[in-house]
Amino acid sequence: MESILNQLGKVLVELQIVLNLLIPVQAQILPPQVINVKQLIIEKSEEYKVNPQLALFIVQKESNFDPLAIGDEHLTCNLSKSPNFGKPIRSRGLWQISDCSNWEVSDLEAFDIVSSTLWAMKRLKEKPSIWSVYRDWVN
C-alpha cells in the first residue's frame, strides 16, 4: 500500500510539472524554466540570512538534491499527537519533510522545490537541529 502511495505522490508531482507548462505564468507554482536547485537554495539562504553551505549540506545529505526523494519509510511515527502515529514515516522531497512531525505540509508542498525550500529556510533560521544531519555539520 505504501509503495502505491509513493508512486501516486511521484505521479502527482510530475502532473504538477506538466500542468505548470500549460497554466499561464501568473498562476504557476513552479516557474516554467528548469529550476537550478542549488542556485535556488543559495538565493533563498541569502534572502533568509541562513548559511548557504549549511542548507546545501542538508539537502545533499537528506535527498542528494532529488526533489522526488522519499525516505525513512523503515521508521514508525511515534509522535502521539501526529495523525500518522503508528504508521511508517514518509520523509518527502529535497528537504525530507517528515509526515510524522510535519503532517501539516502537504505532499504537493513537500515535493515542490520552491515551496519546500521556503518552508525549510524558516526552520533553518529558527531550529536547524530538526534535521538529524545537522549534527554532522556541527561536529
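**View 1. Helix α2 meets helix α3.** In this predicted model, α2 and helix α3 (residues 52-63) pack at an angle of about 140 degrees, and their axes lie 9 Å apart. Helices here are DSSP runs (H or I, at least four residues), strands are E runs of at least two, and both are numbered from the N terminus. Axes are lines fitted to C-alpha atoms, for helices over the stretch in contact, with angles running from 0 to 180 degrees between N-to-C directions. The pair is therefore oblique (under 35 degrees would be roughly parallel, over 145 roughly antiparallel, 65 to 115 roughly perpendicular, and the rest is oblique). From α2 come Lys38, Ile41, Ile42 and Ser45, and from α3 come Pro52, Ala55, Leu56 and Val59; contact means heavy atoms within 4.5 Å. That set splits into six nonpolar, one polar and one charged (Ala, Val, Leu, Ile, Met, Phe, Trp, Tyr, Cys and Pro count as nonpolar, Asp, Glu, Lys and Arg as charged, and the others, Gly among them, as polar).

**View 2. Helix α2 meets α5.** Here α2 (residues 37-48) and α5 pack at about 40 degrees, with axes 10 Å apart. That angle makes α2 oblique to α5. On the α2 side, the contact uses Val37, Leu40, Ile41, Lys44, Ser45 and Tyr48, while α5 brings Ile113, Val114, Thr117, Leu118, Met121, Lys122 and Lys125. By class, the contact has eight nonpolar, two polar and three charged residues.

**View 3. A closer look at Tyr48.** Tyr48 sits in helix α2. Setting aside neighbours within four places in sequence, Tyr48 touches Leu118, Met121, Lys122 and Lys125. Tyr48 and Met121 are 73 residues apart along the chain, with 6.4 Å between their C-alpha atoms.

**View 4. The largest pocket.** This pocket has a volume of about 350 Å³. Its lining takes in 17 residues, with Gln96, Ser98, Ser101, Ile130 and Trp131 nearest the centre. Elements giving two or more residues to the lining are β3 (97-98) and α5 (113-126). The lining has seven nonpolar, six polar and four charged residues. On a 1 Å grid over the protein atoms alone, a pocket is an open set of points where a 1.4 Å probe fits, with protein on both sides within 12 Å along at least five of seven lines, and lining residues have an atom within 4 Å of a point. Points are joined across faces, edges and corners, and the volume is the space filled by probe spheres set on them.

**Notes.** Residues are numbered from 1 along each chain as its sequence is written, and side-chain values use heavy atoms, leaving out hydrogens and water. Local features need pLDDT of at least 70 and side-chain atom pairs count only at pLDDT 80 or more, while totals for chains, interfaces and linings use all residues.
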